[in-house]
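Below are some notes on the packing in this model. Please read them against the coordinates.

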Amino acid sequence: MPYFEKLAAASHKNGSYLCVGLDTDPEKLPSQFRNKQNGQLLFNRAIVEATAPYVCCYKINMAFYEAHRHSGLTAVIETLMAIPPEIPVICDSKRADIGNSSDQYAKAIFETLKFDATTVPPYMGQDSLAPFFKYSDKGTYVLCLTSNAGAADFQMENDLYLRVAEKAQSWNENSNIGLVVGATHPEQARSVRKA
């Protein structure tokens with residue numbers, strides 16, 4: 001099932017627009033998980049068990065796992081297996097590079113790890129993102145306007161975020177592209193929707 005259809009189906013079934021972020025920082029785990037060898041995984045399983053009936057998707061931020069090498073990547077793989085298959089999962093990794101590198105990033109995210117969607121930065125242009133877009137059954141969220149204060153450095157300069165939105169729309173041949181717009185920018189979010 002194409003990503004956005006899977007997302008809509010999960011949203012409809014659970015009556016929800018809630019995405020739960022599994023950005024699990026081992027140093028901030030509750031005490032019952034903190035000193036366990038697989039604490040990230042155990043915590044994630046508990047969160048998934050408690051929230052699966054109420055969400056439309058999950059998002060896993062890879063930074064919190066890659067920093068812990070093998071145990072972190074094992075936690076990602078086993079967390080993905082713990083999530084009900086009808087609920088989509090977004091890989092929040094913000095990766096893009098020259099074509100052959102992006103080919104490998106896309107393959108790792110969509111084929112090896114089997115995520116349903118991912119996040120990518122647009123600033124290297126269409127050719128750096130094309131390897132993600134070609135997975136027509138997977139979703140790709142292009143960073144349009146992020147929530148951090150640094151978004152003002154480039155994204156808001158001369159309304160660059162609107163140019164990103166327009167470009168993403170022109171690239172969306174497979175209807176599998178979405179945009180990341182931080183909730184900290186409600187006025188700009190309206191402009192993006194209009195664009």
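Predicted model: local features only at pLDDT ≥ 70, side-chain atom pairs only at ≥ 80, totals over all residues.

1. Asp97 touches Ser102, Tyr105, Met124 and Ser128, leaving out residues up to four places away in sequence; contact here means heavy atoms within 4.5 Å. Asp97 is found in the loop between E3 and H6, where helices (H or I, at least four residues) and strands (E, at least two) are DSSP runs numbered from the N terminus. With a relative accessible area of 26%, Asp97 is partly exposed. For that term, buried is under 20% relative accessible area, exposed is over 50%, and partly exposed lies in between (1.4 Å probe, protein chains only).

2. Residues are numbered from 1 along each chain as its sequence is written, and side-chain values use heavy atoms, with hydrogens and water left out.

3. The largest nonpolar core has 39 residues, of which Leu22, Tyr58, Ile60 and Phe115 touch the most other members. A nonpolar core is a set of buried Ala, Val, Leu, Ile, Met, Phe, Trp, Tyr and Cys residues joined through side-chain atoms within 4.5 Å. Elements that each supply at least two residues of this core include helix H3 (39-51), strand E2 (57-61), helix H5 (69-82) and helix H9 (160-171). H9 gives the most, with 6 residues.

4. Beyond its neighbours within four places in sequence, Tyr58 is in contact with residues including Cys19, Leu22, Ile47, Thr51, Ile83, Pro88 and Ile90. A second, separate core of 7 residues includes Cys56, Cys57, Ile90 and Tyr141.

5. There are 7 aromatic pairs, counting rings of Phe, Tyr and Trp (its six-membered ring) with centres within 6.5 Å; planes under 30 degrees apart are stacked, over 60 edge-to-face, and the rest tilted. Phe33 and Phe43 are edge-to-face because their ring centres are 5.6 Å apart and their planes stand at 80°. Phe33 is in helix H2 (residues 31-34) and Phe43 in helix H3, 10 residues apart. Both Phe33 and Phe43 are buried.

6. Phe110 and Phe132 also form an edge-to-face pair, with centres 6.4 Å apart and planes at 80°. Phe110 lies in helix H6 and Phe132 in helix H7, so the pair ties together parts 22 residues apart in sequence. Phe110 is buried at 3% relative accessibility, and Phe132 is buried at 0%.
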